[in-house]
Structures are given as C-alpha cells and as structure tokens.
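Subject: Structure handover

Hello,

Here is the structure we talked about handing over. Please open it first, then read the notes below it.

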Amino acid sequence: MITVEEEIDINKKTSYLSLINAVENLLETEHNELSILANCAALIKTFVKNINWAGFYLLKNELLILGPFQGKLACNPIRVGSGVCGKCVEARATIVVGNVHEFEGHIPCDEATNSEIVIPIFIDDEIYGVLDLDSKMFNRFSTVDRRFLEQITVIIARGVKMAKEKNPDVCLV
Ligand code: SME
C-alpha cells in the first residue's frame, strides 16, 4: 500500500519524464531560439499540473527581460536582486518559495499565485535567464519538481546554445 504523497510523487515523475521526452523531441528539429523558448513554455504549462504561469526571463545588462510564457500578463523588466527572479540570478541558484506572501520583495504578477519556483539557466557557466513557474497552491513545488525542472533547464540551455550557434543572426540576448 502506498501513501497519497508517494502516489503524487510517482505521478509527478511520470509527467516529468514525458515532458523531458517532449522537450528533447522538440530540440531535435527546432533550432530557432525564440521558437524553442515559446514551445518549451507551452510544453511545461501542459505537462506540469496546477501551475498558473510558466515562462522565461532573459538576462541582458543586469535586467531580466520577459521572454516567452504562458499565463497572465507579467511584470517587465525585473532588476537583478529584485523579486524571486532577480534574487535567483544573484544567488545563481534555484529558489523555491512555498508562500510568496512571506517572501520579502516578491513581485506579484498574477494575484492568484501562492507559491513559486525560479531556476537559473546557464550557458557556458553564465546566466542566460531564468525559468519561472507559479502556482495557486501553497507549497506546490517539492524537491521532485526542483530536480526535474533543473534537469529540464539544462536540456533547454543545450538547445538554445546550439540554436545560437546555428542562427547567430536571430539571437534574443
Ligand atoms: N514573482 C516574480 C515575478 C515574475 S511573475 O511571477 C511571472 C518575482 O518575484 O520575481
């Protein structure tokens, strides 16, 4: 007999494995930076349950510029050091926020959001941008989510790096 928590984890892992597979399939044929980010935002929003926002901010001159996303209108730009996104860049590490109302400096975009995870995306050890996911649930993002989402950002970064090399004239940042 498995517990409810174990069952949730098994379902999450199955969804994340499908998401990884879908992202890898996309990257086999898609070599345009903007299109990769746009379709990855769509895939993440489709495969990750109970989220109300999923998208990218790209780092340019100490500012995070809003990139492709799925969800409500979002704040733009965000300074490094501001909000969860800017603090993630400063820390060069994932930030998981169980209750955004208790996070000092949190920048609210969709007022329905109660928890958030922001993962840095590295290309050649430099921060390219962040992947941001919001949820209406409190404490939505567990260590399982964090592990898989970090893995997904590594895969996306590889695809973006290749796209930049193949099509340097259409780079976003
Ligand atoms: N909450 C973020 C801002 C981006 S939105 O969630 C889409 C932050 O505090 O940086």
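A salt bridge here is a side-chain nitrogen of Lys or Arg within 4 Å of a carboxyl oxygen of Asp or Glu. Buried means under 20% relative accessible area, exposed means over 50%, and partly exposed is in between (1.4 Å probe, protein chains only). Helices (H or I, at least four residues) and strands (E, at least two) are DSSP runs, numbered from the N terminus.

Two notes on the basis. This is a predicted model, where local features need pLDDT of at least 70 and side-chain atom pairs count only at pLDDT 80 or more, while totals for chains, interfaces and linings use all residues. Residues are numbered from 1 along each chain as its sequence is written, and side-chain values use heavy atoms, with hydrogens and water left out.

Other salt bridges

The whole structure holds six salt bridges. Aspartate 125 pairs with arginine 92, and their closest N and O atoms are 3.7 Å apart. Aspartate 125 is in the loop between S5 and S6, and arginine 92 is in the loop between H3 and S4, so this contact ties together parts 33 residues apart in sequence. Aspartate 125 is exposed, at 59% relative accessibility. Arginine 92 is partly exposed, at 40% relative accessible area.

A local case sits in helix H4. Arginine 146 and glutamate 150 are four residues apart there, about one turn of the helix. Their salt bridge has its closest N and O atoms 3.1 Å apart. Arginine 146 is partly exposed at 31% relative accessibility, and glutamate 150 is partly exposed at 27%.

Cysteines

How many disulfides does a search of the whole structure find? One. The cut-off is a pair of cysteine sulfur atoms within 2.5 Å. The bond joins cysteine 75 to cysteine 109, S to S 2.4 Å. The link of cysteine 75 and cysteine 109 is left-handed, with -135° about the S-S bond. This pair also links distant parts of the chain, 34 residues apart. Cysteine 75 is in the loop between strand S2 (63–71) and strand S3 (78–79). Cysteine 109 is in the loop between strand S4 (95–97) and strand S5 (115–123).

Cysteine 109 is partly exposed, at 31% relative accessibility. Cysteine 40 is buried, at 0%. Cysteine 85 is in no disulfide, and the nearest cysteine sulfur, that of cysteine 88, is 7.2 Å away. Cysteine 85 is buried too, with a relative accessible area of 4%.

Strand S1

Six of the eight residues of S1 are buried, so the strand is largely enclosed by the rest of the structure. S1 pairs with S2 in the antiparallel sense over seven bridges. Strands count as paired if DSSP finds at least two bridges between them. Tryptophan 53 stands opposite glycine 71 in S2. S1 and S2 form a hairpin with two residues between them. In that turn, asparagine 61 has a positive phi of about 50°.

S1 also pairs with S6, again antiparallel, over six bridges. There, phenylalanine 56 has leucine 131 of S6 as its bridge partner.

Cavity

There is one cavity of 30 Å³ or more. A cavity is a set of points on a 1 Å grid over the protein atoms alone where a 1.4 Å probe fits but cannot get out, and lining residues have an atom within 4 Å of a point. Grid points are joined across faces, edges and corners, and a volume is the space filled by probe spheres set on the points. The largest cavity has about 100 Å³ of space.

Its lining includes Trp53, Tyr57, Cys85, Cys109, Asp132 and Asp134. Strand S1 (53–60), helix H3 (83–91) and strand S6 (126–135) each supply at least two lining residues. By class, the lining has eight nonpolar, one polar and three charged residues. Nonpolar covers Ala, Val, Leu, Ile, Met, Phe, Trp, Tyr, Cys and Pro; charged covers Asp, Glu, Lys and Arg; the others, Gly among them, are polar.

Best regards

Technical notes:
On a 1 Å grid over the protein atoms alone, a cavity is a set of points where a 1.4 Å probe fits but cannot get out, and a pocket is an open set with protein on both sides within 12 Å along at least five of seven lines; lining residues have an atom within 4 Å of a point.
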